[in-house]
Protein chains: 2
Amino acid sequence: MQTDTQQIKNLPIGVFDSGIGGLTVVREIMKQMPDERIVYFGDTARVPYGNKSKETVTKFSEQIVRFLIQQNVKAIAVACNTASAQAFPALRESCPVPILGVIEAGADSAAAATGNKKIGVIGTASTIGSEAYQKAILSRVPDAEVIGRSCPLFVPLVEEGLWEDPVTDEIARRYLEELCNRGIDTLILGCTHYPLIRGTIGRTMGEGVKLVDPAYETARELKNLLAQKNMLADGRPALGEGGQYEFYVSDMADKFKTFANMIIRYGILSARTVDIEKY
Amino acid sequence: MQTDTQQIKNLPIGVFDSGIGGLTVVREIMKQMPDERIVYFGDTARVPYGNKSKETVTKFSEQIVRFLIQQNVKAIAVACNTASAQAFPALRESCPVPILGVIEAGADSAAAATGNKKIGVIGTASTIGSEAYQKAILSRVPDAEVIGRSCPLFVPLVEEGLWEDPVTDEIARRYLEELCNRGIDTLILGCTHYPLIRGTIGRTMGEGVKLVDPAYETARELKNLLAQKNMLADGRPALGEGGQYEFYVSDMADKFKTFANMIIRYGILSARTVDIEKY
């Protein structure tokens with residue numbers, strides 16, 4: 001038994017996303033748990049999920065969980081807000097290892113942060129339409145007022161590199177105007193790309209509004225969960241012992257590598273391509 | 001044999017696209033060949049194709065062609081520029097019915113339209129990266145100068161409904177500036193969404209630049225091809241004889257219906273969902 005527990009401890013954490021945005025969660029896990037191994041999967045052949053249905057997002061997510069389980073992960077973080085919003089209940093039911101989504105973590109943090117109980121959530125059309133954040137917040141703060149707003153252009157603007165740009169400012173002004181007028185004091189950045197334009201969003205909302213980044217919260221809750229279960233890695237993998245970090249995508253491994261290195265500033269040497277429809 | 005030819009004539013034309021944009025080709029076929037039946041497939045579960053690799057776009061396109069062949073189509077129009085650019089040679093080799101892509105049709109038209117032999121092409125990153133338009137134009141006008149520019153934000157801007165908007169003007173100014181400076185006299189709208197912001201593109205380029213819409217050309221060439229092969233429908237399907245137009249998607253049939261009715265202004269009563277990964 002001793003050996004088994006030792007072995008489980010040092011298995012990797014699985015993280016997945018519809019594409020590259022989930023690397024913001026990877027970055028947080030690297031910071032908060034530098035000893036952990038990570039296997040990341042980004043579904044770059046079918047990205048984005050944010051304009052797709054619950055059924056499709058669930059099917060894609062289930063395929064990815066099967067792939068990660070085959071990679072022998074000890075736990076899974078669903079880094080994609082849309083997948084967490086639409087597929088998490090189904091995934092939790094069937095997943096044989098502990099699994100954690102960004103919605104619950106983000107809702108915990110927002111519930112703790114709000115003073116006036118007026119909380120905004122921004123995300124993809126699919127995430128906002130699911131009302132998953134709303135439900136998760138109301139189960140924590142029953143008298144909260146939760147205002148959702150989908151921001152479909154934020155992901156393409158981030159991917160086009162317009163992180164600081166008058167066009168992004170203008171689009172942010174339009175998307176966030178109502179949230180400003182409604183007097184929220186807390187705003188959940190409910191899409192993995194949004195922390196990359198945190199500056200623009202923060203300026204638009206003004207100083208009185210706290211921005212919650214579920215990526216940070218997810219890494220923190222994952223650490224607590226693994227600690228509770230005595231599943232934290234007990235030492236950093238030695239160099240040459242196989243990669244501490246492995247990256248898989250369903251398409252465009254080269255482009256992924258370039259973008260990944262912008263986000264996590266850690267030398268990603270390679271990403272491998274997987275035919276995810278077969279899982 | 002007489003009966004066989006009659007039967008083939010009245011089979012539907014298959015049209016496919018990565019999503020909804022290919023309806024601009026459907027609209028042209030409806031206008032130019034009002035007697036024809038059409039079966040449309042939009043890959044809304046995996047849209048967009050424009051940021052994906054040749055291998056992935058080819059695999060997806062081959063699945064769709066297999067689906068359309070099962071629907072018993074007499075010919076296929078590849079309405080998606082990215083699929084035409086990346087997958088057309090592979091599709092042409094294996095497709096058992098006549099198949100036509102937007103690239104060849106667009107190149108024909110641009111070659112006929114240009115005076116100074118300076119031709120611009122705008123499209124997705126995948127279409128522009130493939131240089132398919134460039135090669136097709138040079139095979140027609142060997143001393144042409146072809147200048148490509150990818151415009152990744154145009155599709156999300158169109159889908160967000162910003163067809164006439166200062167933000168779209170500003171992004172168009174940035175994307176098209178170099179094409180203006182290089183003195184092109186002809187510009188191919190190499191993505192099915194772009195005709196929907198033709199006004200903005202036309203204003204940005206100025207009156208001296210002819211805009212080529214491959215959707216129009218594709219319908220025209222398809223009509224010629226069917227006429228040559230004596231495969232044009234010989235009468236409009238009677239009402240109640242089964243739908244003249246059938247629409248299939250891989251996800252989000254309801255949203256498709258709404259957008260489709262904006263584009264083709266023909267009452268699309270329903271769209272059915274297909275699990276395209278199985279083909």
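1. Angles under 35 degrees count as roughly parallel, over 145 as roughly antiparallel, 65 to 115 as roughly perpendicular and the rest as oblique; axes are lines fitted to C-alpha atoms, for helices over the stretch in contact, and angles run from 0 to 180 degrees between N-to-C directions. Helices are DSSP runs (H or I, at least four residues), numbered from the N terminus.

2. This is a predicted model, in which local features need pLDDT of at least 70 and side-chain atom pairs count only at pLDDT 80 or more, whereas totals for chains, interfaces and linings use all residues. Residues are numbered from 1 along each chain as its sequence is written, and chains are lettered from A in the order in which they are written.

3. In chain B, helix α5 (residues 102–113) packs against helix α11 (residues 214–228) at an angle of about 100°, with the axes 8 Å apart, and α5(B) and α11(B) are therefore roughly perpendicular to each other. Contact, meaning C-beta atoms placed from the backbone that lie within 7 Å, involves V102(B) and A105(B) among the residues of α5(B), and P214(B) and A215(B) among those of α11(B).

4. The domain assignment of chain A, automatic or from a database, gives domain 1 (2–101 + 216–278) and domain 2 (104–215), with 23 Å between their centres, taken over C-alpha atoms.

Methods. Helix = DSSP H or I, 4+ residues; strand = E, 2+ residues; numbered from the N terminus. Contact = placed C-beta atoms within 7 Å.
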